[in-house]
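I will go slowly, and I will name the residues as we come to them.

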Amino acid sequence: MAPSRRRAVLIGVNQGGSDVRLPALRYAERDVQAVRGVLLDEEIGTFDDADIKMYVGAEATWREIKAGLREMALDSGPSDVLLVYFAGHALVPEWSTQLDAYLVTADLNPDALRREPDNGLRMAFLKRDVFETFAGTSFLVLDCCHAGIYLDADLRHAEAMQTYRTRVDRHSALLACRNGVAAREDEEYGHGVLTYHLLSALRGGAADDRGRVSFGQMAAFVAEQGLEPPPVQLVHMWGPTTVLVQPPTSRHERRLQSSPANPSTTRPCKNPLEDQSSSIVQLLGRVFRSEAHPMRASQQRGHAERVEIVRHALAAASVAVVEFSGPAIRVADSTARFDKEELRPLLELSSADAIRYRTSMPGHIVSNDAGLRLLCVPLSYEDDRILTLTVVDPAVALLDMGEPLAVMLRALWDSNLLGDPLQAEMQVVTALRTAFGRLPLNLYEYAFSLYQKLVDSMIMVFQPVVELDLRPAGVSIHSFEALARRSDKELRAPLAALQMAYVWGDRFIIERDSLLLAKSIHSYATADADAPWHGTKPLSVNVAVRSLLSDSYLNQVSRALAEAAMHPRTLTLEISEQDAIQPGPGERWPQEPLLYFHRRLTELARELRISFAVDDFGVGYASLARMAELPLTQIKVDRAVLHHPMALEELALVARVSRHASDLGQAPTPRAVIVEGFDDAAPVTLKQIYDLGIHHVQGFFSGAVASTSLHPLDQAARERIAGLVRGEE
């Protein structure tokens, strides 16, 4: 594996091609020399002379520059760094209708661009063919002077900056001006204005307490200088952490030798994953979004493809799934170039560690004196057999992630990476949340955005609740329940995706419920408009306890109902019994939990004019108390109750509780009881359920599957159901 490299391409052109007809600049080439001097400074520079390529004056030709940049992009690894700096003019041809521009090189011929638009150094080339292709971290600085007089007044030079509307992964940029504004040189500075302040930042003006200057610190420093025109900065991912200059002895350490530390300074506690967050996001990008993905066009499926994806993501020499069973070593799947015999000594060491620490370590690294490294991540255990993902010589920058990398690889392997990459990526970041608890803020926000996309990819289908009767004419659809699906062909709910929200906490739960509520109401309104009956049947939507305590969720309820022009009485929110009614960590409620929640629901029912139901009765928390004491209009019994040895006794108890308030004269009618998940395999019959006074059942028994559209029961289904209620089948 090639070592990581820090490369720089510095371009400076005072005078463009003879036909460009732009006034000569004075300091662009001098700017390049100054930037090179700082990067190579013996005290603070972090670049090597051999890795800095400089194109100045007449030597700055577009052919040479493009060839050099493209070669660097193709010959890059995930640990590499590329800095591209340009000082000079930029040009947008008058015939161009795209938001694109050319950096003016010494040989640029504007008249030839109409016929050969690639005969120049285009912004689009830098973005698409260099920075998007570069496997590591890349940076761009543009100090383009646009104050010159152009041959044609219609030239629009500053639109070049619009090229950066689309974010490039692992890439940051510092641009001298925004759209429609010209950059400047300054005689007093002897440099371009942007470059002058950039040099000041690198020479210590933006240094942290250890004397280091990252690209992000440099860009922030320049932006704070009050420049006119103001620069544009885009600092993403590794921009805040990639150091450009760093003294061998930090300024902070020198200060400590001569003066005491300031006792009044404070700083927040550092998250253990803070230094790894950029690496984590970069790795996710290489797995799920890399344009250079080795299997992008493949139609294969299976483990063999997954090991190739892991190899590419980690820039490894090879990858294999290896089974250790005592002294035996068997390769289950592998990429090309995985040589078990050559690696046997390291595999035997790995086997010993895997057996010894199989439940205490998510992964380990074995290496030899030659520098060969194996990353081994246990995948599964069965008796004395251990299945291990073995990565040969991964990129050092990724290997330094340590335990988070092992956690990610294990989750990646357990996911449906090929069939459902969106959920797979969310599964990986959720594994990090589970393993490490709180994550750095940027990674948390990344996960939140990803989860929004995952939930937004779901569709809503509607399962009918059937009203039972002894007569076929009395059998009908009473209402519908909205159910989430990843596609209209799936029969089961995406429980894993829905349950992920509980790992992340209230914000994810509330966002999930808000998105699904809006989808449910809008989809139901559309389906109801095409339904073959008059009037709108009631709709039930699931909701978590924590969402009902959130004003933002309740605002979404009101907004969605208003947008769909649906009457609030149509909607029932079903509260799952699997959600505890209790304060969150550090939260205090003024009353006992069930009383507090009772008052909350009563208030909401009065203000919103919607109904509430308890869902999943028979599983979860305090079923009888919740069912008896909360202001509910219906009770939904989980299918697990049907398969309980005392199912009839439990159903009879639910029926009595549902009638309790009406028997006391405190309610005009009993609360409806709905039995969920009834099918032909249920040991309880429809007649037994009906005889208990329970007249609503939900399940596949009706022959009406959950669908995006609403359909009535046909005559044959009604006759069959009525026969079951009468006990004839």
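Let us begin with K537, which lies over the face of W533, at 5.1 Å from the ring centre. Please keep in mind that what we are looking at is a predicted model. There is another arrangement of this kind at K66, whose charged end sits over the ring of F125, 5.0 Å from the centre of that ring.

From charges over rings I move on to rings beside rings. How many aromatic pairs does a search of the whole structure find? The search finds 11 aromatic pairs, and I would like to show you two of them with some care. A pair of aromatic rings is described by the distance of the centres and the angle of the planes. For Y444 and F508, the ring centres are 5.5 Å apart and the planes stand at 70°; since an angle over 60 degrees counts as edge-to-face, the pair is therefore edge-to-face. Y444 belongs to helix α14, residues 441-456, whereas F508 belongs to helix α16, residues 506-529, so that distant parts of the chain, 64 residues apart, are linked by this pair. Are these two residues buried or exposed? Both Y444 and F508 are buried.

The second pair is F480 with Y524, where the ring centres are 6.2 Å apart and the planes are at 55°, and so this pair is called tilted. Here too distant parts of the chain are linked, with F480 in strand β20, residues 476-485, and Y524 in helix α16, 44 residues apart. F480 is buried, with a relative accessible area of 2%, and Y524 also counts as buried, at 0% relative accessibility. Going back to Y444 and F508, you can find them in a cluster linked by ring pairs, together with F448, Y451 and W504.

Now please turn to a sheet. What is the order of its strands? The sheet is open and is formed by 5 strands in the order β15-β14-β18-β17-β16, with antiparallel pairing. At the edges stand β15, residues 328-334, and β16, residues 364-367; each of them has a single partner strand, and therefore one side of each is left without a neighbour in the sheet. On average, and ignoring direction, neighbouring strands of this sheet are turned by 30° against each other. If you follow β14, residues 318-325, you will see that this strand pairs with β15 in the antiparallel sense over 6 bridges, and that F324 has I329 in β15 as its bridge partner.

Two helices go with this sheet. Helix α10, residues 340-356, packs on the sheet and touches β14, β15, β16, β17 and β18, while its direction makes about 140° with that of β16. Helix α12, residues 403-414, lies across β14, β17 and β18, and runs at about 50° to β17.

One more residue deserves a look, and that is P464, which has its place in strand β19, residues 459-467. P464 counts as buried, because its relative accessibility is 3%. In sequence P464 and G699 are 235 residues apart, yet in space they are 7.8 Å apart, C-alpha to C-alpha.

Let me end with confidence. The protein averages a pLDDT of 84, and 86% of the residues score at least 70. Over residues 250-263, however, the pLDDT is below 50, and this stretch has 14 contacts in the model beyond near neighbours in sequence. Residues 297-302 also have a pLDDT below 50, with 5 such contacts.

Methods:
Residues numbered from 1 in each chain as written. Predicted model: local features only at pLDDT ≥ 70, side-chain atom pairs only at ≥ 80, totals over all residues. Heavy atoms only, no water. Pairing = 2+ DSSP bridges. Helix = DSSP H or I, 4+ residues; strand = E, 2+ residues; numbered from the N terminus. Axes fitted to C-alpha atoms, helices over the stretch in contact; angles between N-to-C directions. Contact = heavy atoms within 4.5 Å. Phe/Tyr/Trp six-rings, centres within 6.5 Å; stacked < 30°, edge-to-face > 60°. Buried < 20%, exposed > 50% of the residue type's maximum accessible area, 1.4 Å probe, protein only. Lys NZ or Arg CZ within 6 Å of the ring centre and 35° of its normal. pLDDT = per-residue confidence, 0-100.
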